[in-house]
Amino acid sequence: MMNIQNYFAVTAEQQELVQWIGDIADQYADGAVEADEHNQLNTELIQALKDAGYHTYSVPTEYGGKSISLTDFLLCQERIAQVDAPTAIAIGWHHISMFNLSQSRAWDEEVFADLCRDVVERGALINRADSEAATGSPSRGGKPQTQANRSGESYVLNGRKSFTTMSPMLDYFLISATLEPDGNVADFLIPRTVEGVSIDPVWDMVGMRGTASHNLVLENVILPAKACVGIRPNVNPNQPRKWELSAYMMNIPASYLGIAIAARQHALDFASTYQPNSVNEPIIHLPHIQQKLGQLELELTTARHFMYAVANRWDREQEHAASTGKESFSDYQNWISPDLAAVKTVAIQAAISVTDQAMRIVGAHSLAMSHPLQRLYRDVRFGLHNPPMDDVTITQLAQRAIRTQL
């Protein structure tokens with residue numbers, strides 16, 4: 001029987017994939033509650049995903065990875081998030097980093113190959129650390145205050161990065177720094193084991209507590225020249241970074257839609273069993289409850305159809321590019337970027353609304369600290385603050401419309 005969890009898994013292989021990842025995540029549902037309560041990672045779930053090889057799914061096949069499609073990635077992320085959205089977001093950032101590096105191949109191939117082998121053979125995890133307290137969101141164009149000074153054949157880095165998701169379990173940090181004295185911005189790949197690298201456990205938010213997005217501290221960190229993996233071009237500070245326009249950023253809407261699916265299920269479970277003595281049957285049969293359920297279904301279904309339609313189109317274009325060359329795919333990327341961003345805006349709006357509708361159905365019970373909905377409500381609000389920001393998305397859509405007119 002088709003259900004909401006596998007509705008968009010249209011092949012037998014996709015259905016097996018969703019079942020497989022769901023079976024893993026479901027075993028560690030209690031860990032999601034504990035991670036929220038204690039402001040820490042659900043380490044057992046992350047380790048289980050690594051043991052199952054899920055962290056290699058964004059590594060190119062030539063380096064031992066799975067290199068799965070965008071659609072399959074979103075199916076997995078959405079299913080994990082139904083159990084533990086912070087873990088989905090956390091492991092998702094590792095995948096975003098690897099997918100983007102795999103697609104761009106902008107690094108020295110030997111450095112990239114070494115990273116891939118470390119992911120596959122040792123279970124290494126990586127995440128980008130761009131945000132800083134003084135610069136705000138990287139998408140706003142602020143220049144990093146983290147500094148990199150050249151010293152002979154090495155660089156010496158000093159600085160502090162905020163919002164470093166999954167920091168306690170990361171093996172590599174991909175950070176931005178301002179090169180001194182020329183002022184250019186460069187990316188550096190930093191192994192966790194390098195002297196001077198530490199984590200300041202300051203993450204203490206109302207939601208997404210299980211992401212452990214602490215501060216990364218760099219104090220006189222000495223790196224070889226090859227650790228500088230790229231110099232960023234000078235770009236319009238009002239334009240989002242290239243990695244923020246990546247299709248794999250749809251991990252964010254997929255994870256938040258997973259929250260919405262979980263909230264929907266809690267509402268259905270409650271409404272189908274709760275029967276106050278003022279009525280003769282469970283409240284799921286009451287017209288005003290059905291109206292709320294119908295509105296919930298409308299918004300959730302619309303957002304999911306939009307997300308998977310864009311993802312499927314992306315996958316088809318990638319397959320086409322494999323046989324015709326990357327030039328046409330590059331043009332397609334420029335055209336579809338506003339749609340990728342729009343998926344996030346639509347999904348977050350829907351996820352927040354669906355969770356709110358679910359809480360209205362459950363009523364005051366949903367506000368109890370022991371009830372799962374209060375945690376989902378706190379977590380879902382964080383989607384508003386993940387990139388790309390709504391105003392950037394609207395501007396992209398407007399600019400594309402204008403280009404078609406001129």
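## Thr 56

Thr 56 has a relative accessibility of 8% and therefore counts as buried, the cut-off being under 20%. This threonine is found in the loop between helix H3 (43-51) and H4. The structure is a predicted model, and the values here are computed from it.

Which residues does Thr 56 touch, not counting residues up to four places away in sequence? They are Gly 65, Lys 66, Ser 67, Val 119 and Val 120.

## Overall build

The protein has 406 residues, and its radius of gyration is 22 Å. A compact globule with 406 residues would have a radius near 22 Å, so the value agrees with that expectation. The C-alpha trace spans about 80 × 50 × 40 Å along the principal axes. Secondary structure comprises 10 helices and 8 strands.

Of the 406 residues, 55% count as buried. Among contacts with a separation of 6 or more, 74% are between residues 24 or more positions apart. The protein exposes about 18,200 Å², and carbon and sulfur atoms supply 50% of that area.

## Charge and salt bridges

There are 31 positive and 46 negative side chains in the protein. The centres of the two sets lie 5 Å apart. Side chains of opposite charge can pair when their charged atoms come close. The count of salt bridges comes to 18.

One of the salt bridges is between Glu 78 and Arg 304, with the closest N and O atoms 2.7 Å apart. This pair links distant parts of the chain: Glu 78 belongs to helix H4 (residues 70-104) and Arg 304 to helix H7 (residues 287-324), 226 residues apart. Are these two side chains' residues buried or exposed? Glu 78 has a relative accessible area of 1%, so it is buried. Arg 304, at 2% relative accessibility, also counts as buried.

## A partly exposed pair

Arg 105 and Glu 109 form a salt bridge through their side chains, at 3.1 Å from N to O. Arg 105 is partly exposed, with a relative accessible area of 28%. Glu 109 counts as partly exposed too, at 32% relative accessibility.

Asp 187 forms a salt bridge with Arg 232, and the closest N and O atoms are 2.9 Å apart. The two residues are 45 residues apart and link distant parts of the chain. Asp 187 is in strand E5 (residues 185-191), whereas Arg 232 is in the loop between strand E8 (228-231) and helix H6 (251-273).

Both Asp 187 and Arg 232 are buried.

## Thr 146

Thr 146 lies in the loop between strand E1 (126-129) and strand E2 (147-151). With a relative accessible area of 1%, Thr 146 is buried.

Leaving aside neighbours within four places in sequence, Thr 146 is in contact with Glu 132, Asn 158, Gly 159, Arg 160, Lys 161, Ile 175, Ser 176, Ala 177, Thr 178 and Leu 218. Val 229 is 83 residues from Thr 146 along the chain, and the C-alpha atoms of the two are separated by 16 Å.

Conventions:
Residues are numbered from 1 along each chain as its sequence is written. This is a predicted model: local features need pLDDT of at least 70, side-chain atom pairs count only at pLDDT 80 or more; totals for chains, interfaces and linings use all residues. Side-chain values use heavy atoms; hydrogens and water are left out. Helices (H or I, at least four residues) and strands (E, at least two) are DSSP runs, numbered from the N terminus. The radius of gyration is taken over C-alpha atoms; the globule rule is 2.2 Å times the number of residues to the power 0.38. Buried means under 20% relative accessible area, exposed over 50%, partly exposed in between (1.4 Å probe, protein chains only). Contact means heavy atoms within 4.5 Å. Accessible areas come from the Shrake-Rupley method with a 1.4 Å probe; for residues, only the protein chains shown count as cover. Lys and Arg count as positive and Asp and Glu as negative; His and the chain ends are not counted. The place of a charge is taken as NZ of Lys, CZ of Arg, CG of Asp or CD of Glu. A salt bridge is a side-chain nitrogen of Lys or Arg within 4 Å of a carboxyl oxygen of Asp or Glu.
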